Amino acid sequence: MEKREIVLSGIRPTGNLHLGNYFGAVTNFVKMQETNECYFFIADYHSLTTHPHPDNLQGNVRQVLVEYLAAGLDPEKATLYLQSDIPETAELYLFLNMNAYLGELERVTTFKEKARKQPDNVNAGLLTYPTLMAADILIHKATKVPVGKDQEQNLEMTRTYARRFNHMYKADFFPIPTAYNFGKQLVKIPGLDGSGKMGKSEGEGNAIFLNDDPKVIRKKVMRAVTDSGPTEKNQTKPDPIENLFTLMKVVSKPETVAFFDEQYNNCTIRYGDMKKQLAEDIIAFTTPFREKIEEISADQDYILKVMNMGAEKARESAVKTMREVRELIGFRKIY
Ligand code: TYM
């Protein structure tokens, strides 16, 4: 049996959870809560980097919490909380920022992508996104961080900041955390637009959300980018086709994947048939989530109870770390 390690991960409340979030992250959260001390949170401070409207913030936060619960996270087993309920995180972020350098922050791929996407809003929070993420992880002294492939570089930054802090204060204080996926490679789930990864902000129709209606799923999948089909036997699949197969591998039976793979290899594949099958398999996979989301969403008392319980447990752990951090740095005891 795995030993009880401290596990932490989070998701930004910028929309509903999609299949990328599920297979890249949440499915691992659900497994890990059984044998580890887990902290799973909703990164609402982080979402401010893209300036959400205050009217939507609460609703989006609530939705992610509901979807965590619907996916099988259990507040009795894992600590589920909102990042902004632990203001000590902001204090640790401030301390870590004192040893984070402009050059290294500017080189982070996600920063460069965001700066390109929102040139009118390249704020300091966007630049220091990795130090806030490091604060999230280090405040609970987590050692394992289940995330998708896109977060690998951010995790590398956390490791750097943990080592730097330890070195600066001559203490073996923060453990050095690792990105985790059950001994397997980190996952990248592709989107339906033929390129890159499934994402919330990658444009209409690119992502399939856990609470999408069957009709919507059929429409999105049938519109997925394909090409005119293979012309030679066993030819390498171009990216958009490989992407459809990757999606099929996570939701369909292995026999189904093998069937279409063989058809591709002998040039008899009809993408329309493959997409129909893929859509039905996605619907079969997401339907229980959709139903659970609806059920949990109706229970406001329960949601509030989960939030309060999580805030209390997460704060206890955060305050403990911050007492030690303040002492190491040389500040007065206030907690
Ligand atoms: P976010 O909200 O963009 O994504 C949440 C989780 O989903 C994973 N993910 C994917 N995995 C595979 N394929 C995809 N297409 C895909 N899209 C998203 C992400 O890798 C992530 O694990 N910075 C984080 C939130 C965060 C955090 C943290 C995570 C803040 N602090 C501390 C871990 C630890 C983010 O924006 O994730």
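This is a predicted model: local features need pLDDT of at least 70, side-chain atom pairs count only at pLDDT 80 or more; totals for chains, interfaces and linings use all residues.

Trainee: Okay, rings to begin with. How many aromatic pairs does a search of the whole structure find?

Mentor: A pair of aromatic rings is described by the distance of the centres and the angle of the planes. Searching the whole structure that way, the number of aromatic pairs found is 16.

Trainee: What kind of pair do Phe-29 and Phe-40 form?

Mentor: Their ring centres are 4.3 Å apart, with 10 degrees between the planes. Planes under 30 degrees apart count as stacked. So with 10 degrees, the Phe-29 and Phe-40 pair is stacked.

Trainee: Which elements does that pair link?

Mentor: The two residues are 11 apart and belong to distant parts of the chain. Phe-29 is in a helix, residues 19–32, and Phe-40 is in a strand, residues 37–42. The elements are helix H1 and strand E2.

Trainee: Are Phe-29 and Phe-40 buried or exposed?

Mentor: The cut-off for buried is under 20% relative accessible area. Phe-29 has 0%, and Phe-40 has 0% too. That makes Phe-29 buried, and Phe-40 likewise counts as buried.

Trainee: Now Phe-41 and Tyr-81. Is that pair stacked or edge-to-face?

Mentor: The centres of the two rings are 5.5 Å apart, and the planes sit at 25 degrees. Edge-to-face would need over 60 degrees, while under 30 counts as stacked. So the pair of Phe-41 and Tyr-81 is stacked.

Trainee: How many residues apart are Phe-41 and Tyr-81?

Mentor: Phe-41 is in strand E2, and Tyr-81 is in strand E3, residues 78–82. Phe-41 is buried at 4% relative accessibility, and Tyr-81 is buried at 4% as well. This pair also links distant parts of the chain, and the separation is 40 residues.

Trainee: Which ring does the charged end of Lys-31 sit over?

Mentor: There are two lysines to look at here. Lys-237 lies over the face of Phe-245, 4.5 Å from the ring centre. The charged end of Lys-31 is 4.4 Å from the centre of its ring, and that ring belongs to Phe-182.

Trainee: Let's look for holes. What is the volume of the largest cavity?

Mentor: The structure has one cavity of 30 Å³ or more. The volume of the largest cavity is about 50 Å³.

Trainee: On to helices. How many of the residues of helix H4 are buried?

Mentor: Helix H4 covers residues 88–97 and is mostly covered. Its buried residues include Leu-92, Tyr-93 and Phe-95, and the buried residues of H4 pack against helices H2, H7, H8, H9 and H14. The count for H4 is seven of its 10 residues.

Trainee: And how many residues of H8 are buried?

Mentor: Among the buried residues of H8 are Tyr-129, Met-133 and Leu-138. H8 is largely enclosed by the rest of the structure because the buried count is 10 of the 10 residues.

Trainee: Some single residues, then. Which residues does Asp-227 touch, leaving out those up to four places away in sequence?

Mentor: Asp-227 is in the loop between helix H10 and helix H11. With a relative accessible area of 34%, Asp-227 is partly exposed. The residues that Asp-227 touches are Pro-238, Ile-241 and Tyr-271.

Trainee: Last one: what is phi of Asn-234?

Mentor: Most residues other than glycine have a negative phi. Asn-234 lies in the loop between H10 and H11 and counts as exposed at 57% relative accessibility. Phi of Asn-234 has a positive value, near 55 degrees.

Technical notes: Residues are numbered from 1 along each chain as its sequence is written. Side-chain values use heavy atoms; hydrogens and water are left out. Rings of Phe, Tyr and Trp (its six-membered ring) pair if their centres lie within 6.5 Å; planes under 30 degrees apart count as stacked, over 60 as edge-to-face and the rest as tilted. Helices (H or I, at least four residues) and strands (E, at least two) are DSSP runs, numbered from the N terminus. Buried means under 20% relative accessible area, exposed over 50%, partly exposed in between (1.4 Å probe, protein chains only). A charge sits over a ring if NZ of Lys or CZ of Arg is within 6 Å of the ring centre and within 35 degrees of the ring normal. On a 1 Å grid over the protein atoms alone, a cavity is a set of points where a 1.4 Å probe fits but cannot get out, and a pocket is an open set with protein on both sides within 12 Å along at least five of seven lines; lining residues have an atom within 4 Å of a point. Grid points are joined across faces, edges and corners, and a volume is the space filled by probe spheres set on the points. Contact means heavy atoms within 4.5 Å.
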